[in-house]
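Please walk through the model below, going from its backbone geometry to its helix contacts and then to the ligand.

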Amino acid sequence: MRFTVLTLFPEMFAPLQESILKRGQAAGLIEVRLVNFRDYAVSKHKNVDDVPYGGGPGMVLKPEPVYAAVAALPPAQGRRQVVLLTPQGRLFNQGVARELAGYDDLVLLCGHYEGFDERIRDLADTEVSLGDFVLTGGELAAMAIIDAVARLVPGVLGESASIHEDSHSFGLLEYPHYTRPAEFAGRAVPGVLLSGHHANIERWRRKEALRRTFLKRPDLIEAYEFKTEEYSLLEELAAEESAILAYRERWQHLRPAPKRKGARREPTAPEADRQSRGE
Ligand code: ADE
């Protein structure tokens with residue numbers, strides 16, 4: 001997957017040359033290209049910004065260098081998406097990361113200074129914001145997006161990594177992890193994790209993922225669709241945590257139907273046989 005960043009500050013992207021992203025690039029799984037759009041400035045003084053029409057404070061990024069830099073990009077490698085980083089974009093999250101990981105060629109356009117000429121928006125297929133706060137430019141947002149998307153590219157995290165269990169990947173926060181020692185600073189690792197009983201471990205992990213999502217991110221619970229197999233875990237959690245009890249109505253539709261005494265059941269094979277003979 002190719003990432004091309006259009007920025008006035010390519011030096012800011014040095015962190016991408018470390019760790020997992022460095023390995024991903026060395027292995028040819030991802031490629032990061034940095035384009036300084038100052039190289040495409042038209043004026044004698046290589047100006048990339050100018051005063052705003054209508055007056056007001058600050059400077060505005062000029063459209064020509066950005067348009068020229070985009071026009072000079074090599075042909076798209078597969079499916080391309082041009083992403084403009086702006087606090088006015090849709091909020092970045094794991095779902096947007098997954099969506100962007102579906103492209104082969106991402107172009108990230110970083111604004112800087114107080115703003116950019118409105119016509120720059122026309123270059124973008126989508127606008128993305130890192131969060132409801134204002135950065136000094138799009139660079140840190142672009143880096144965060146490259147990191148989150150690159151780790152979804154098959155092979156980047158290595159063979160064994162499971163990106164499916166990550167926090168947010170299926171709507172819940174991830175369950176707690178422990179490693180040796182089994183007891184540290186008076187805190188013991190939950191016994192079930194030492195039991196080797198895989199079904200119980202899975203059940204415990206799902207329960208703890210639900211518990212921490214309820215307690216830390218109730219907003220995610222609002223959007224989460226409870227699964228039938230989670231019913232008994234949810235009932236246990238409601239008994240354990242008063243804060244969770246308040247949500248109890250939300251999963252009652254999953255309550256298993258009570259087994260009625262004398263309820264009709266499928267006949268056994270010999271019974272069916274007898275019935276068919278009219279006995
Ligand atoms: N540029 C400035 N603030 C930003 C934000 N929150 N997200 C993306 N790009 C930005």
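His168 is found in the loop between α4 (139-150) and β9 (183-184), where helices (H or I, at least four residues) and strands (E, at least two) are DSSP runs numbered from the N terminus. Although His168 is not a glycine, its phi is positive, at about 75°. Pro181 is found in the loop between α4 and β9 as well, and a cis peptide bond with omega of about 5° joins Arg180 and Pro181. Most residues other than glycine have a negative phi, and most peptide bonds are trans. This is a predicted model, in which local features need pLDDT of at least 70 and side-chain atom pairs count only at pLDDT 80 or more, while totals for chains, interfaces and linings use all residues. Residues are numbered from 1 along each chain as its sequence is written.

The chain is divided into domain 1 (2-150) and domain 2 (183-254), with bounds that come from an automatic or database domain assignment. The C-alpha centres of domain 1 and domain 2 lie 40 Å apart.

The axes of helix α3 (residues 94-101) and α4 come within 9 Å and cross at roughly 70°; axes are lines fitted to C-alpha atoms, for helices over the stretch in contact, and angles run from 0 to 180 degrees between N-to-C directions. α3 is therefore roughly perpendicular to α4, given that angles under 35 degrees count as roughly parallel, over 145 as roughly antiparallel, 65 to 115 as roughly perpendicular and the rest as oblique. Ala97, Leu100 and Ala101 of α3 meet Ile145, Ala148 and Val149 of α4, contact being defined by C-beta atoms, placed from the backbone, that lie within 7 Å. By class, this contact of α3 with α4 has six nonpolar, no polar and no charged residues, where Ala, Val, Leu, Ile, Met, Phe, Trp, Tyr, Cys and Pro count as nonpolar, Asp, Glu, Lys and Arg as charged, and the others, Gly among them, as polar.

Helix α5 (residues 198-216) and helix α7 (residues 231-240) have axes that come within 10 Å and cross at roughly 50°, so α5 and α7 are oblique to each other. In α5, Arg206, Lys207, Leu210, Arg211 and Phe214 meet Leu233, Leu234, Glu236 and Leu237 in α7. The contact of α5 with α7 has five nonpolar, no polar and four charged residues.

The ligand is surrounded by 13 residues, of which the closest are Leu85, Pro87, Leu130, Leu135 and Ala141; a residue is near a molecule or strand if its C-beta atom, placed from the backbone, lies within 6 Å of it. Strand β5 (residues 80-91) supplies the largest share of this shell, three residues. By class, the shell around the ligand divides into seven nonpolar, six polar and no charged residues.

Note on methods
Two residues are in contact if their C-beta atoms, placed from the backbone, lie within 7 Å.
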